[in-house]
Amino acid sequence: MNKLSLLGVIVLTVFSVKGQEARIEAVLDAWHQAASDADFGTYFGLMTEDAVFVGTDATENWQLPEFKAYARPHFDKGRAWSFTPVERHIYLDEAENFAWFDELLDTQMKLCRGSGVLKKVGGDWKVAHYVLSLAVPNDKVGELIRLKRESDSLLVAKLKKD
């Protein structure tokens, strides 16, 4: 391959990746907006059929049917949750069939961290796995541990017994 051909491949690859990142960015923004608008159909339509949502509570590890059941009453009230990205990083596999990301979110719980995986399904990007966590400043971790020590100990004991 000559230098000009190699340069062309590199340029096409960069534009392809940037285009995919823009599509992924748009999907994630639409997904968050659908929750804010309580648009159940759009929100869950942007997820894969085997999606997983991991929430901030240690017990919140939902397969899609369970997550829909949890979310339905919130959406039915006309407002689910509102997550506004303030920072996002997107990464793609070489074949551009999977993407993973992390984002910092402004939410009703203040700053949270979201991370997840998107999968290309029929040419469209869909959320396959999402993890939401509270962003806790390092100097506040000790205080948080004190607040949750008892409830975490009870949950760990229950999980070990099951």
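Reply:

**Aromatic rings and the nonpolar core**

In this predicted model, the count of aromatic pairs comes to 20. One of them joins F40 and F44, a tilted pair with 4.6 Å centre to centre and 50 degrees between the planes. F40 and F44 lie four residues apart in helix α2, so about one helical turn separates them. Both F40 and F44 are buried. F44 also pairs with Y43, this time edge-to-face, at 4.9 Å centre to centre and with 80 degrees between the planes. Y43, like F44, is buried.

Leaving aside residues up to four places away in sequence, F75 touches F40, Y43, F44 and W81, together with A34, A35, A38, D39 and A80.

The largest nonpolar core has 33 residues, and those touching the most other members are Y43, F44, M47, F75, W81 and L118. Two or more residues of this core come from each of the helices α1 (3–36), α2 (40–45) and α3 (64–76), and from each of the strands β1 (47–54), β3 (84–92), β4 (98–107), β5 (110–121) and β6 (124–134). The most come from α1, which gives six. Nonpolar side chains tend to be buried together in soluble globular proteins.

Terms used:
Residues are numbered from 1 along each chain as its sequence is written. This is a predicted model: local features need pLDDT of at least 70, side-chain atom pairs count only at pLDDT 80 or more; totals for chains, interfaces and linings use all residues. Side-chain values use heavy atoms; hydrogens and water are left out. A nonpolar core is a set of buried Ala, Val, Leu, Ile, Met, Phe, Trp, Tyr and Cys residues joined through side-chain atoms within 4.5 Å. Buried means under 20% relative accessible area, exposed over 50%, partly exposed in between (1.4 Å probe, protein chains only). Contact means heavy atoms within 4.5 Å. Rings of Phe, Tyr and Trp (its six-membered ring) pair if their centres lie within 6.5 Å; planes under 30 degrees apart count as stacked, over 60 as edge-to-face and the rest as tilted.
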